[in-house]
Amino acid sequence: MGEKPVFFVADVHLTPERPWTTDLFLYFLARVAGQAQALYILGDLFEAWVGDDDLDDPFHARLTTRLRRLSDVGVAMYFMAGNRDFLAGDTLAQATGWTPLPDPCRIDLYGVTTLLSHGDAYCTDDHAYQAFRRQVRDPSWQAAFRARPLAERRAMAQAMREQSEAAKAGKRPAIMDVHAAAIHEALSSAGATRMIHGHTHRPARHTLSVDGVECERWVLTDWYAEGGYLACDAGGCRAETLSASSPT
Ligand code: LP5
Ligand code: MN
C-alpha cells in the first residue's frame, strides 16, 4: 500500500488535425502521469505512423520531447503498437525512452496476472480487417513499405484511412467488437484473470468466467471527445476521465 499506481492509455490518435486532443494529452503527460510509477501506452498513440524517419516532423518532435520528459523523471514507459502505429521502431523508442512490448503481453499487476493488448487481434469476425492486418504485419511487406519515400508513405496511409472509413461504414457494429471466444481463449492460455485493451473505442469494464474463475476485461477509452486513463493499484483498477476543462 502507498505504492504509486500504474496508468494505462490507448487510442489517443494524435494528429495536428485535433489540437484539442494534443493539448489534453500534453496536459496528461505534464500534470497527471507523473503520479504513476509506470505508464503503459496500448496502441494508436498516433493517428498514423509511417516510419521513424517521420520523427523530424515538428508535431512529432514536440510530442517525443514531452514523452521523453516523463521517462526522464522516472516514470517507466511502455509502448505496444496498435493498428495505426505498428511501424513505430527502435528510433522512436530511443527518442521517447519507452520500452516496446509485444502484443499480447502478460504482466503481474499488483499480484493479478494481467493480459495487455491493443485489442484488434481479437476482432476475429472482421475478416476483411484480419486479412489486411496479416498483410501489413508481414515483415517483407513492411520492408518494401519502409523503402518508399516518406511523402509516398504518408499519401498511402491517408488513402488507406479513407478506404478503412468506407469499409467500416458497410460493416455491422458487432463485427468491429472483440469476439467473446477469442477473449476467453486469450485469458485461458495466458492464465490471466484480467485483460486491458483498447481499439474498439467502447470503454467499459466487463466481467466473465474463464475456466471457472471470475475475470475482468477493461476497455480503454479513445481520446476523441474526451480523454481518459485506467489507474490500477493493489486495490484494483478505476477509469479516470480527463475533460476539456482539465488543461488550464
Ligand atoms: O483504424 P480504425 O479503427 O478506424 O479501423 C480499423 C481497421 N482499419 C485499419 C486501417 C487503418 O485505419 C489505416 C491507417 C494505417 C496507418 C498506418 C500507416 C502505415 C500503413 C499504410 C498502409 C497502406 O486498421 C478497420 C477495422 C476497424 O479497425 C475495427 O476493428 O474494421 O479495418 C478496415 O477497415 C480494413 C478493411 O476492412 C479492409 C481494407 C482492405 C483494403 C485492401 C487494400 C489493399 C492494400 C494493401 C496494402 C496495405
Ligand atoms: Mn486501434
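These are legends for several close-up views of a predicted model.

Some ground rules come before the pictures. Residues are numbered from 1 along each chain as its sequence is written, while chains are lettered from A and ligands numbered from 1 in the order in which they are written. Because this is a predicted model, local features need pLDDT of at least 70 and side-chain atom pairs count only at pLDDT 80 or more, while totals for chains, interfaces and linings use all residues; side-chain values use heavy atoms, with hydrogens and water left out.

**View 1. The whole chain, before we zoom in.**
The chain has 7 helices and 11 strands (DSSP runs numbered from the N terminus: H or I of at least four residues for helices, E of at least two for strands). Its C-alpha atoms fill a box of roughly 50 × 40 × 30 Å along the principal axes. A compact globule of 248 residues would have a radius of gyration near 18 Å, and the chain agrees, with 18 Å; that radius is taken over C-alpha atoms, and the globule rule is 2.2 Å times the number of residues to the power 0.38. Of the 248 residues, 48% count as buried (buried is under 20% relative accessible area, exposed is over 50%, and partly exposed is in between, using a 1.4 Å probe and protein chains only). Take contacts (heavy atoms within 4.5 Å) between residues at least 6 apart in sequence: 67% of them join residues at least 24 apart.

Helix H1 covers residues 19-32, and at 1.5 Å a residue its 14 residues should span 20 Å; the end C-alpha atoms are 19 Å apart, which agrees. (The expected span is 1.5 Å times one less than the number of residues.) Among its buried residues are Leu24, Phe25, Phe28 and Val32. The buried residues of H1 pack against strands S1 (6-9), S2 (38-42), S10 (227-233) and S11 (236-242), plus helix H2 (58-72).

**View 2. The largest nonpolar core.**
A nonpolar core is a set of buried Ala, Val, Leu, Ile, Met, Phe, Trp, Tyr and Cys residues joined through side-chain atoms within 4.5 Å. This one has 40 residues, and Phe25, Phe28, Leu39, Ile41, Leu45 and Trp98 touch the most other members. Elements giving two or more residues are S1, H1, S2, H2, S3, H3 and S10, and H1 gives the most, with 7 residues. Leaving aside neighbours within four places in sequence, Trp98 is in contact with several residues, including Ile41, Leu45, Phe46 and Leu92. A second, separate core of 18 residues includes Met80, Ile107, Ile196 and Leu220.

**View 3. The manganese site.**
Four protein donors hold this view together: Asp44 (OD), Asn83 (OD1), His118 (NE2) and His199 (ND1) lie 2.0 to 2.3 Å from the manganese ion (ligand 2). Along the chain, their spacing reads D-x38-N-x34-H-x80-H. Asn83 is in the loop between strand S3 (76-80) and helix H3 (90-96), and His118 is in the loop between strand S6 (112-116) and helix H4 (127-136), so the pair ties together parts 35 residues apart in sequence. Both Asn83 and His118 are buried. Donors are N, O and S atoms within 2.8 Å of the metal (3.2 Å for Na, K and Ca), and water is not among the atoms, so sites may look incomplete.

His13 is found in the loop between S1 and H1, and Phe46 sits in the loop between S2 and H2. His13 is buried, with a relative accessible area of 1%, and Phe46 also counts as buried, at 1% relative accessibility. Not counting residues up to four places away in sequence, His13 touches a set including Asp44, Phe46 and His201. With that same exclusion, Phe46 touches His13, Leu63, Arg84 and Trp98, among others.

Most residues other than glycine have a negative phi, and most peptide bonds are trans. Asp103 and Pro104 are joined by a cis peptide bond, with omega about 0°; Pro104 lies in the loop between strand S4 (99-101) and strand S5 (105-109). His199, not a glycine, has a positive phi of about 75°, and its place is the loop between strand S7 (194-197) and strand S8 (204-210). Asp211 has a positive phi of about 55° and counts as exposed at 58% relative accessibility.
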